[in-house]
Amino acid sequence: MSVQEKLTAAREDLAARDGVLVAFSGGVDSSVVAALAHDALGDDAVACTAKSETLPAAELDDTKRVAREIGIRHEIVEFSELASQEFVQNDGDRCYHCRTMRLSAMFDAARELGIETVCDGTNASDPGEGHRPGLRAVEELNAYSPLLEHEVTKEEVREIARDYGLSVSEKPSMACLSSRIPTGLEVTEERLTRVEKAETLLRTWGFEQFRVRDHDGLARIEVAPDELERALDADFARAAREHLSDIGFEHVTLDLAGYRTGSVSPDDSDLDLDTEYPTTED
């Protein structure tokens with residue numbers, strides 16, 4: 001089935017509903033769902049963003065801007081993930097607890113608006129991308145995923161976003177701030193705050209794909225492979241050490257493996273501890 005055929009089927013499916021509320025993060029997936037919903041239902045489609053301690057302020061601003069681009073009504077609901085001890089303890093199901101709380105907030109907002117259907121941005125590529133406990137929450141709460149339902153892949157999502165002229169069409173994937181804290185280390189407001197400040201600095205310095213992982217006061221900076229040379233510059237190293245120390249990190253490091261998703265998750269298999277490396281005697 002072509003991308004256009006998938007789009008037509010998704011629009012028809014959405015148009016058959018009385019209204020939908022889209023769980024809207026401002027990323028490319030949820031933005032495409034919001035655009036499709038607005039096309040299909042007009043004013044009966046609502047984009048809703050859940051504001052909490054794990055959502056960077058810059059990302060919240062992006063949701064407002066992209067909603068204006070699409071022309072869809074935009075609502076913001078607030079809740080605290082840190083109020084949940086299950087979330088704070090940061091075990092292997094942290095994303096499940098997070099997604100459950102976020103989607104529950106979406107369903108509450110939908111009920112207040114008299115809307116039965118809550119949509120999310122899960123696409124057809126997501127189920128095959130490793131450790132994704134958040135998908136279990138989508139299934140349990142019965143959120144509707146039009147991209148998944150109509151087999152729209154991540155690559156096709158970006159193609160659709162370009163066709164819509166969305167500014168987020170090439171936006172890198174963004175996970176919530178808690179994903180920067182290794183599994184087993186408690187999620188606290190202090191850690192979330194210094195991670196957000198550190199990543200704001202990297203964004204200001206022009207880096208595009210990156211993470212700052214907080215290993216209990218040790219900052220591990222990951223940047224995309226094509227940006228690694230810039231990060232190895234002595235001036236950057238000095239600035240990163242000074243500024244990240246100022247915002248609360250005791251040590252600042254650069255991960256030479258570069259940026260990769262899930263590098264602090266329980267199934268991280270990117271690091272091969274059995275590899276043998278040359279020594280000075282070789």
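Colleague: Where in the chain is Asn-142 found?
Modeller: This is a predicted model, in which local features need pLDDT of at least 70, side-chain atom pairs count only at pLDDT 80 or more, and totals for chains, interfaces and linings use all residues. Residues are numbered from 1 along each chain as its sequence is written, and side-chain values use heavy atoms, with hydrogens and water left out. Helices (H or I, at least four residues) and strands (E, at least two) are DSSP runs, numbered from the N terminus. On that numbering, Asn-142 sits in the loop between α6 (134–141) and α7 (146–149).

Colleague: Is Asn-142 buried or exposed?
Modeller: Buried means under 20% relative accessible area, exposed over 50%, and partly exposed in between (1.4 Å probe, protein chains only). Because its relative accessibility is 63%, Asn-142 counts as exposed.

Colleague: What is the phi of Glu-151 near?
Modeller: Glu-151 lies in the loop between α7 and α8 and, at 54% relative accessibility, is exposed. Asn-142 has a positive phi near 65° in a residue other than glycine. Glu-151 also has a positive phi while not being glycine, with a value near 60°.

Colleague: How many salt bridges does a search of the whole structure find?
Modeller: The criterion is a side-chain nitrogen of Lys or Arg within 4 Å of a carboxyl oxygen of Asp or Glu. Some of these contacts form a network, linking Glu-59, Asp-62, Arg-65, Glu-69 and Lys-171. The number of salt bridges in the whole structure is 26.

Colleague: How many residues apart are Lys-6 and Glu-156?
Modeller: The two form a salt bridge, with closest N and O atoms 2.9 Å apart. Lys-6 is in helix α1 and Glu-156 in helix α8 (residues 154–164), so the pair links distant parts of the chain. Both ends are buried, Lys-6 at 9% relative accessibility and Glu-156 at 15%.

Colleague: Which helix holds the partner of Asp-216?
Modeller: Asp-216 meets Arg-191 in a salt bridge of 2.8 Å, N to O. Asp-216 is in the loop between β5 (210–215) and β6 (218–223), 25 residues from Arg-191. Asp-216 is partly exposed at 46% relative accessibility, whereas Arg-191 is buried at 13%. The helix that holds Arg-191 (residues 189–204) is α9.

Colleague: What is the relative accessibility of Glu-222?
Modeller: Glu-222 forms a salt bridge with Arg-213, the closest N and O atoms being 3.2 Å apart. Arg-213 is buried at 2%. Glu-222 also counts as buried, because its relative accessibility is 0%.

Colleague: Which side chain does Ser-179 join in a polar contact?
Modeller: Ser-179 is in the loop between α8 and α9, and is buried at 13% relative accessibility. A polar contact is a pair of N or O atoms within 3.5 Å; within protein, one must be able to donate a hydrogen and the other to accept it, and residues adjacent in sequence count only if both atoms are side-chain atoms. At 3.0 Å, the side chain joined to Ser-179 is that of Arg-180.

Colleague: What is the relative accessible area of Asp-18?
Modeller: Asp-18 is in the loop between α1 (3–15) and β1 (20–23). Asp-18 is exposed, with a relative accessible area of 73%.
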